[in-house]
Amino acid sequence: MFDTKAKLKDMIAQESARIIAEQGFENFSAAKAKAAKFLNAEKEGCLPNNSEVERKLIQHYKIFHHKSHSHLIYSMRSIALIIMQLFNNYQPFLVGSVANGTASKSSKINIHLTSDNLEEIIHVLEKNKIFYRSCERQLKINKKINKKYMGLELNYHNSNIELTIFSYRESKHAPISRIDNKPMKRIKIKKLEKLLAHSLPAI
């Protein structure tokens, strides 16, 4: 029974990864629910955790979309770098699926900025004639507490970008990832430049 459940759990993780990669799902829970329904395993109690799905997602891209996905990640990271350079004075970090290398075409480029004054961030966008709209982002600051942060959504070179604004005090600690319940991976400008320099995809 244990072996059967383990295999079913692995199948759900694999199917969840396919759904995320090919249908543009951003919500892991929704993808797992759809995968379980597709496999008639909704009541089996075999749902994988988010980390297991992410591992299958990385495998899926390598096996089925290696070249095209490498180009996609390179393109999205390149756009992220442009935006981060605009906000160089606000401690920009690239986070989320673009930072982790698991983004799909429908993924947003998530960037964290540090400022005690939202108007300063808006001024940079307006100065560069980049249109935006306000939004809120709920993030985990520890394993038990969620907190809402002010943010701005924009479209740049046909990419959807989400800026989340942290105070200087808040930015000292990375929010908790909903994938593995560990501090989010945060990439600074210099590290992103190195990643791009060493990951130029073959044409």
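Mentor: Two strands count as paired if DSSP finds at least two bridges between them, and strands (E, at least two residues) and helices (H or I, at least four) are DSSP runs numbered from the N terminus. Here 9 bridges join strand 3 to strand 4, which run antiparallel. This is a predicted model, in which local features need pLDDT of at least 70 and side-chain atom pairs count only at pLDDT 80 or more, while totals for chains, interfaces and linings use all residues. Residues are numbered from 1 along each chain as its sequence is written, and side-chain values use heavy atoms, with hydrogens and water left out.

Trainee: What order do the strands of the sheet have?

Mentor: The sheet is open, has 5 strands in the order 1-2-5-4-3, and its pairing is mixed. Strand 1 (93-95) and strand 3 (132-140) are the edge strands, each pairing on one side only. On average, neighbouring strands are turned by 35 degrees against each other, direction ignored.

Trainee: How do I follow the bridges across strand 4 and strand 5?

Mentor: 6 bridges join these two strands, which run antiparallel. Take L154 of strand 4: Y132 stands opposite L154, and L154 in turn stands opposite I161 in strand 5. Strand 3 and strand 4 form a hairpin with 5 residues between them. The hairpin of strand 4 and strand 5 has 2 residues between the strands, and H157 there takes a positive phi near 50 degrees.

Trainee: Which strands does helix 4 lie across?

Mentor: Contact means heavy atoms within 4.5 Å. Axes are lines fitted to C-alpha atoms, for helices over the stretch in contact, and angles run from 0 to 180 degrees between N-to-C directions. Helix 4 (residues 66-86) lies across strand 1, strand 2, strand 4 and strand 5, running at about 20 degrees to strand 2. Helix 6 (residues 118-127) lies across strand 2, strand 3, strand 4 and strand 5, at about 10 degrees to strand 4.

Trainee: How many residues has the largest nonpolar core?

Mentor: In soluble globular proteins, nonpolar side chains tend to be buried together. A nonpolar core is a set of buried Ala, Val, Leu, Ile, Met, Phe, Trp, Tyr and Cys residues joined through side-chain atoms within 4.5 Å; buried means under 20% relative accessible area, exposed over 50%, and partly exposed in between (1.4 Å probe, protein chains only). The largest core has 31 residues, and those with the most contacts inside it include I83, F87, I161 and L163. Helix 4 gives the largest share, 7 residues. Apart from this core lies another, of 17 residues, among them I12, I19, C46 and I179.

Trainee: How many aromatic pairs does a search of the whole structure find?

Mentor: Rings of Phe, Tyr and Trp (its six-membered ring) pair if their centres lie within 6.5 Å; planes under 30 degrees apart count as stacked, over 60 as edge-to-face and the rest as tilted. The search finds 2 pairs. F87 and Y90 are edge-to-face, at 6.3 Å centre to centre and 65 degrees between the planes. Both F87 and Y90 are buried. The other pair, Y149 and F166, is tilted because the planes lie at 40 degrees, with the centres 4.5 Å apart. That pair links distant parts of the chain, with Y149 in strand 4 (residues 146-156) and F166 in strand 5 (residues 159-166), 17 residues apart.

Trainee: Is S104 buried or exposed?

Mentor: S104 is buried, with a relative accessible area of 4%. S104 is found in the loop between helix 5 (96-100) and strand 2 (109-114).
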